[in-house]
Amino acid sequence: MAEHDYDVLVIGAGPGGYVAAIRAAQLGLKTACAEGRETLGGTCLNVGCIPSKAMLHASEYFDAAANGKMAEMGIEVTPRLNLPKMHDQRLDAVGSLTKGIEFLFKKNKVDWKKGYAEFQDAHTVRIGEETVTATNIVIATGSSVTPLPNVEIDNDKQVVVDSTGALELKQVPKKMVVIGAGVIGLELGSVWRRLGADVTCIEFLDEVLPGMDGDIRKEARKIFKKQGIDFRLSTKVTGVTVKGKTATLTMEPAAGGEAETMEADCVLVSIGRRPNTDGLGLEAIGLETNKRGQIETDHDFRTTVDGVWAIGDVIPGPMLAHKAEDEGIAVAENIAGQTGIVNHDVIPSVVYTWPEIAGVGLTQEEAVEAAGGDRKAVKVSKFPMMANSRAKTNHEPEGLVKIVADAETDRVLGVWAIASVAGTMIAEAALGMEFGATSEDIAYTCHAHPTHAEAIKEAAMGIQGQAIHI
Ligand code: FAD
Ligand code: NAI
């Protein structure tokens, strides 16, 4: 009889965990996956990527009809919002995709163990009443909302909400205040602005979207401001009190100073996410987390405890579904004795606002820093979407593409874009960078006309000083 019940037990069925489980089973390993939620798919499918994109997509149509975009093209309509129906189509998308994972588990013979798992020792976990043993255990427990001191989130009341609550509002708020102008704040702030809310984003830093290229952050804010989102930068929220259906926020300058208040009928707290390790019983296996609460791993996703691996939002790196998925594949391959690798230098990130904001690789600031502060070691080229024929024809001239390249080798170090389809465009940049492309390689690659992607070619041509359309 085998020493353990399973070769692999994955804890958590988000994009990291469910992909790891399926890949492990495909590789011939006897696999189970523990998930505490009622449905598979984790944060991403249940309350993250998918439902937010369902609301973003639908509200974009509403906005185009309500705010003149359609009229610009000769389509005059007065839209009427049916919010319950918009929510229904969100739930349909979530329902069919989470069921899809259930089907894939059955197809690949992955056993779903329903319940929250807690380590007893490095090869044994308790899941509800059941005890399961496995030779390898992969921690893929993901992340959840970072709370803000003095602010109590109550998604049921729909006054102070987190991203999950903000996806489900039954009424369009009159005044919505978003705490944190990061990815969630701008995506979900955009949804409710488009549907009629007056939206203010309060951000601790002096610019929106931390981590992105400086020019892109500045340009993005200008575009959102033009769309009607108000920003209070360098401002810290210190507390929120709720009376009936009204929230009162207290805030002060980030550097300290006089406090002021602001009222809202909905407050979205979106100040980041933190790894899920509570209740996992890490102490039973002597596995410690770092200062940020993350589980550290080596390049192969091994933790310091033999037989225990970790992937996804619970380990360091960007908290993104595609990063978790790629790590899921790599960890399963490593467990099976193969060589699973994730190139963490080339992980694209996309903000699904309108226009979309996307990037991969180094920002200009990071590239200069990596060159020891030598600005001349980095070449930069920008191409405005206004000069791209397709974007202009489609009445979407906002944005730009920016390429950051090594001045000596011409190798592309980073690509940044604001464009209606920047999320799709960035795949080309990631592929090029994965193959070690120079900007000249991209400039000499034939791009179909008229496409938004031509802006990437033109930005690359610009590095050579040879752009045609500006
Ligand atoms: P998760 O998806 O968080 O899954 C972990 C699972 O583990 C959960 O289902 C949890 O219930 C389960 N679990 C936890 N502890 C236990 C336990 N002890 N036992 C059993 N089960 C347990 N990323 C993108 O790339 N693109 C996007 O467009 C995007 N949009 C987002 C929108 C929102 C509103 C949010 C909140 C996030 C978004 N993200 C997006 C981030 C993305 O959802 C995460 O990066 C991704 O889900 C991480 O995957 P994971 O597998 O590591 O963890
Ligand atoms: P975030 O890290 O993107 O942004 C949080 C913002 O809140 C930061 O700009 C920070 O400076 C600010 N902040 C922190 N404390 C504050 C305070 N007291 N007052 C005012 N501002 C404050 O985090 P967010 O938006 O919550 O998203 C969490 C994660 O989810 C992201 O890191 C991202 O990885 C993932 N995500 C990805 C999406 C995508 O890929 N499209 C969409 C949504 C989420």
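## Around Met-319

Met-319 touches Ser-143, Arg-273 and Asp-313, leaving aside residues up to four places away in sequence. Contact here means that C-beta atoms, placed from the backbone, lie within 7 Å. Met-319 sits in the loop between strand E17 (308–310) and helix H10 (321–335). Helices (H or I, at least four residues) and strands (E, at least two) are DSSP runs, numbered from the N terminus. Met-319 counts as buried because it has 21 C-beta neighbours inside 10 Å. Buried means 20 or more other C-beta atoms within 10 Å of the residue's own, exposed means 12 or fewer, and partly exposed lies in between; these C-beta atoms are placed from the backbone.

## The model and its numbering

This is a predicted model: local features need pLDDT of at least 70, side-chain atom pairs count only at pLDDT 80 or more, and totals for chains, interfaces and linings use all residues. Residues are numbered from 1 along each chain as its sequence is written, while chains are lettered from A and ligands numbered from 1 in the order in which they are written.

## Annotated sites

An unreviewed UniProt entry lists a "binding site" that includes Lys-53, Ser-143, Asp-313 and Met-319. UniProt positions follow the numbering used here, feature names are shortened, and annotations may be inferred rather than shown by experiment. Lys-53 lies in helix H3 (residues 49–66). Lys-53 is partly exposed, because 14 C-beta neighbours fall inside 10 Å.

For "active site", the unreviewed UniProt entry lists His-449. His-449 is in the loop between helix H14 (439–443) and helix H15 (454–463). His-449 is exposed, because 10 other C-beta atoms lie within 10 Å.

## Domains

The protein chain is divided into domain 1 (6–145 + 274–335), domain 2 (160–271) and domain 3 (355–463). These bounds come from an automatic or database domain assignment. The C-alpha centres of domain 1 and domain 3 are 31 Å apart.

## Helix H8

Helix H8 covers residues 214–227. Its buried residues are Ile-216, Arg-217, Glu-219, Ala-220, Arg-221 and Phe-224. They pack against helix H7 (183–194) and several strands, among them strand E11 (230–232) and strand E19 (356–361). Just after H8, Gly-228 takes a positive phi of about 115°.

## A three-stranded sheet

One open sheet has three strands in the order E12-E13-E14, paired antiparallel. Strands pair if DSSP finds at least two bridges between them. Strand E12 (235–243) and strand E14 (260–264) are the edges, each pairing on one side only. Eight bridges join E12 to strand E13 (residues 246–253). Thr-241 stands opposite Thr-248 in E13.

Methods. The expected span of a helix is 1.5 Å times one less than its number of residues. Two residues are in contact if their C-beta atoms, placed from the backbone, lie within 7 Å.
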